[in-house]
Amino acid sequence: MTSDGMSLRERLEGIRTSGLAAFTAAVDEEALESARVRYLGRSGELSAAMASLGGVPAEDRPAAGRLANEVKRELEAALEDRLSKVAVAEVASGASLDLSLPGRRTWVGGTHPVTQVIDEICEIFGELGFSRAAGPEIETDWYNFTALNIPLDHPAADMHDTFYLDDGVLLRTHTSPVQARIMMDGEPPIRILAPGLCYRRDAWDASHAPAFEQVEGLAVDEGIDFVEFRAAIAFFVRRFFGSGVKTRFRASYFPFTEPSAEVDVSCILCNASGCSACKGTGWVEIMGSGMVHPAVFEAVGLDAERYTGYAFGMGPARIAMLRYRIPDIRLLYEADAAFLEQFV
Ligand code: PHE
């Protein structure tokens with residue numbers, strides 16, 4: 001081999017050694033780029049060495065060319081390898097990412113507190129054989145009033161502050177029309193719960209909302225008496241509020257039940273000693289209820305001699321307010337995530 005051939009070979013070996021060292025020593029992309037330009041660039045050391053290949057004697061040229069290509073591939077591979085390591089190191093060192101920033105919060109959805117109460121009511125009555133039912137929010141005045149023994153000219157119909165949509169068509173003011181629909185749908189035994197929205201032209205204040213939920217309950221069979229009714233309600237109260245909570249039936253009036261009762265529970269907030277939630281009485285009303293009025297059985301075509309039953313309607317928003325000490329019903333309907341998050 002000629003001295004020229006030897007010198008090119010040495011030159012290439014030198015480029016290999018110093019090029020690899022330069023890439024390894026580069027600590028960031030900038031340093032790596034200048035090393036690339038110096039050794040592998042268009043007018044870099046390797047290009048210059050390859051340009052001198054023409055001056056190498058013909059017999060040494062193939063070997064020198066192979067070596068030049070080998071050095072080029074090796075340097076390119078080393079550059080690639082270093083480039084990926086430098087990029088990872090830069091991220092980890094925080095050069096382009098602030099690892100001290102708090103992580104992004106992920107929003108976890110949850111069940112609305114009123115829905116939680118509804119589900120729990122349904123679960124407890126489910127143990128007594130009640131299943132869920134539903135009816136339309138847009139009703140006729142026949143189902144909402146007439147079938148329930150409320151004549152349209154009766155003051156009770158006015159008391160409901162109805163949203164009328166059309167002649168005889170309204171937004172249901174309570175879930176009781178579902179009672180009529182269920183009884184017309186099939187023969188007893190019937191044990192259903194019908195949760196859903198109701199509407200009244202009511203004030204929008206701390207204790208009233210124009211759209212609010214009710215859970216209707218209805219049990220109809222042969223031989224259901226007041227004792228069974230009281231036992232079912234007392235069972236529910238103990239399960240829902242706790243065994244220390246007392247139930248009180250207070251005589252009341254609804255056109256579709258007879259006798260009618262409002263059900264109170266001993267105040268869970270003050271242990272019945274008197275507070276603002278129970279207005280100092282120690283008792284909080286949780287539902288309207290009673291034995292199904294024979295006139296309702298007649299309206300829906302059931303034999304009032306054969307069947308008896310009980311019905312109740314409760315307001316899960318009120319119950320949620322009591323349970324979670326929520327002072328204003330509007331909080332439950334304003335879809336404020338910061339408030340609702342507490343119940344997730
Ligand atoms: N529907 C009545 C109301 O809205 C509640 C109720 C339901 C009363 C069933 C008795 C029986 O006030």
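Guide: We start at one glutamate, then follow a helix and the loop after it, and end at the ligand. The model is predicted, so local features need pLDDT of at least 70 and side-chain atom pairs pLDDT 80 or more, while totals for chains, interfaces and linings use all residues. Residues are numbered from 1 along each chain as its sequence is written, and side-chain values use heavy atoms, without hydrogens or water.

Find E213. It sits in strand β6, residues 211-221. Strands here are DSSP runs of E with at least two residues; helices are runs of H or I with at least four; both are numbered from the N terminus. E213 is buried, meaning under 20% relative accessible area with a 1.4 Å probe and protein chains only. It has no salt bridge, which would need a Lys or Arg side-chain nitrogen within 4 Å of an Asp or Glu carboxyl oxygen. The nearest side chain of opposite charge is R172, 9.6 Å away. Lys and Arg count as positive, Asp and Glu as negative; His and chain ends are not counted.

What does E213 have instead? Its side chain makes a polar contact of 2.4 Å with the side chain of Y333. A polar contact is a pair of N or O atoms within 3.5 Å; within protein, one must be able to donate a hydrogen and the other to accept it, and residues adjacent in sequence count only if both atoms are side-chain atoms. Contact means heavy atoms within 4.5 Å.

Now take P316. It is one of the buried residues of helix α11, residues 316-324. The buried residues of α11 pack against α5, β6, α9, β9 and β10. After α11 comes R325, with a positive phi near 55 degrees. R325 lies in the loop between α11 and α12. R325 counts as exposed because its relative accessibility is 58%, and exposed means over 50%. A335 is in the loop between α11 and α12 too. Its phi is also near 55 degrees.

Last, the ligand. It has 14 residues around it, and Q214 is among the closest. Here a residue counts as near if one of its heavy atoms lies within 4 Å. A side-chain N or O atom of Q214 is 2.9 Å from a ligand oxygen. The protein buries 90% of the 330 Å² that the ligand exposes when taken alone, by the Shrake-Rupley method with a 1.4 Å probe.
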